[in-house]
Amino acid sequence: MSQEQEYDVVIVGAGPVGLATAIALYKRGTDNILVIDQTRKFRRVGQVIDLLPNGLKSIKYISPDAYQQVKETAFQSLNSPLRNNAPSNSNESEVKEIKSPPKRQWHHKNLQGEITRSVDLDFDSWFNRYGEGRISISWYDLQTTLRNVLPVEIIQANHRCINIEQNSAGVYLDCISDATITNNPFAHWEMDTANSNDLDVSDKRQEDCHKRFRAKLVIAADGINSTVRQIIYAETDLQEFAKPKYSGFVAIGCSQIEAVPNAIREELESKYFQGDRVITLSNDAITSTDFDFHGLDQLRIILFCKPDQSIGYLLHTPLGLEAFQNKQPSEIINLGIECLKNAGFPPVFADLLNLSNPEKLIHRPYYIHPANTPSARQPFWSCGRVVLVGDAAHGMPPFMAQGANQGLEDAALISSLITQLIQDHCLDDEQAIAKAFHKYEEVRVPFMMKIQEATMKNNHWSQQQWDQYSEMVYSRSYSSNYLQ
């Protein structure tokens, strides 16, 4: 087992949150950093994610250059130029005016086909309202764009962290290489089992190689099934919270149903799509007391009609985990149909689900790390010289598209606090480190409690509630005042 140099900071996890944290430190003068990731090869996995105003503000606070490149990548993927681009030198007096993509909306409708809420999908509508826009970008493209901002030697793949030891002088990380890659059972972004066919595992595995790294600080950005979280929670009163908790919701879907009978297609088009290509439907006439199963009022289905006229769906429904696990695809489809019937959905939706190809079925429980879990131990997201960010701290279902965005907020704050520690020469001052991590949690934990509550209980919000939520999340300014 070899021993490397001592780093100021080692970041575990080279996803967008880990990379954004590394960029923030690097751009502020800290180059003695390392990012490690268990993947043997950076590959095109994950789904499309939405970066909303709070996430884009965080990236811009972290690095105007990275912000610019992320926006350009997102809009190039749509073959559409972007307006309101700040130039790479971040001189606000010089703003390129490039035509923005056309305005589009995502309608949420009730079972009568009436629009109950609309979400703008274009950049400018959000920018004009909240001072920053909205973009959609694939997880892989975001990761690749952020990786390219950093020197290549800072990021090392094929290093899976298996243990952490820390003392008053620093942290030791034990890693293993050439290990078999397995799917993450808690990660909603790996819902499609077809992703498993893209794993880069050689037929002839080399012998596992062990390596040890030393660091003054460790930032765990290793996802909802965080190994680091499990290590630092072991043998503490937080042990039961080391693994994610089942949220009470599952996803059932099929991305493409080709042979949809005309009768089903015409009913869905005339009553629900009405010219839209993607919609969300829920029964706004029910409440949680209308049915025996708690949370059925939160059931919703997303329908999307593709250019080839195939139809897909994604059903988010409350379901007991024991009723969902160890089921065959055909049984899961029947569970979805039963939930739709119990929630008062018309028969056409059951007819659509019956057309699902079991071999292409998407199915996954959603998990959460509750931010409001009572614990006698504080701090909650850190231990000594180790701190959790992103899904490792507060993973949750994707209903509000805030997973990545909140992780980027974590990155903006924790990187600024650590930069200050480094500039003050306090990496050997355990009290200063504890104070910085306490500040991080003091700001982020109460806010995440609000985000998670909104995520799990938003299905029947009034427009006023949505407006209040949006102002709380999207209108904040990101500056040095954010850290006070």
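Which residue just after H4 takes a positive phi? That residue is Gly131, with a phi of about 80 degrees. Before I go on, please keep in mind that this is a predicted model.

Let me stay with helix H4, residues 123–130. Its buried residues are Phe123, Asp124, Ser125, Trp126 and Tyr130. The cover over them includes helices H2 (53–62) and H3, strands E5 (115–120) and E6, and helix H14, which spans 463–474.

Next is helix H5, residues 139–147. Nine of its nine residues are buried, so H5 is largely enclosed by the rest of the structure.

Strand E3 brings me to Asp37, which sits in the loop between strand E2 (33–36) and E3. Is Asp37 buried or exposed? Its relative accessibility is 14%, and the cut-off for buried is under 20%, so Asp37 counts as buried. Its side chain reaches the backbone nitrogen of Ala14 at 2.6 Å. Leaving out neighbours within four places in sequence, Asp37 is in contact with Gly13, Ala14 and Gly15, and also with Gln156, Ala157, Asn158 and His159.

Another buried residue is Thr280, at 6% relative accessibility. Thr280 belongs to strand E12, residues 278–281. Which side chain makes a polar contact of 3.1 Å with that of Thr280? The partner is Trp106. As for Leu303, 23 residues apart from Thr280 along the chain, the two C-alpha atoms are separated by 6.4 Å.

Now a pair of helices. Two packed helices are described by the angle between their axes and the distance between the axes. For H7 (residues 262–273) and H10 (residues 347–354), the axes come within 10 Å and cross at roughly 130 degrees. That angle makes H7 oblique to H10. The crossing is left-handed. On the H7 side, the contact is made by Ile264, Glu267, Leu268 and Tyr272; on the H10 side, by Val348, Phe349, Asp351 and Leu352. By class, these residues divide into six nonpolar, two charged and no polar.

I will finish with backbone angles. Most residues other than glycine have a negative phi. Glu235 is not a glycine, yet its phi is positive, near 60 degrees. Glu235 lies in the loop between helix H6 (227–233) and strand E11 (245–257). It counts as exposed, because its relative accessibility is 81%.

Ala401 also has a positive phi without being a glycine, at about 55 degrees. Its place is the loop between helix H11 (391–394) and helix H12 (403–423). How does Ala401 count by relative accessibility: buried, exposed or partly exposed? The value is 25%, so Ala401 counts as partly exposed.

That is what I have for today.

Key
Residues are numbered from 1 along each chain as its sequence is written. This is a predicted model: local features need pLDDT of at least 70, side-chain atom pairs count only at pLDDT 80 or more; totals for chains, interfaces and linings use all residues. Side-chain values use heavy atoms; hydrogens and water are left out. Helices (H or I, at least four residues) and strands (E, at least two) are DSSP runs, numbered from the N terminus. Buried means under 20% relative accessible area, exposed over 50%, partly exposed in between (1.4 Å probe, protein chains only). A polar contact is a pair of N or O atoms within 3.5 Å; within protein, one must be able to donate a hydrogen and the other to accept it, and residues adjacent in sequence count only if both atoms are side-chain atoms. Axes are lines fitted to C-alpha atoms, for helices over the stretch in contact, and angles run from 0 to 180 degrees between N-to-C directions. Angles under 35 degrees count as roughly parallel, over 145 as roughly antiparallel, 65 to 115 as roughly perpendicular and the rest as oblique. A crossing is left-handed if the near helix is turned anticlockwise from the far one by less than a right angle, and right-handed if clockwise. Contact means heavy atoms within 4.5 Å. Ala, Val, Leu, Ile, Met, Phe, Trp, Tyr, Cys and Pro count as nonpolar, Asp, Glu, Lys and Arg as charged, and the others, Gly among them, as polar.
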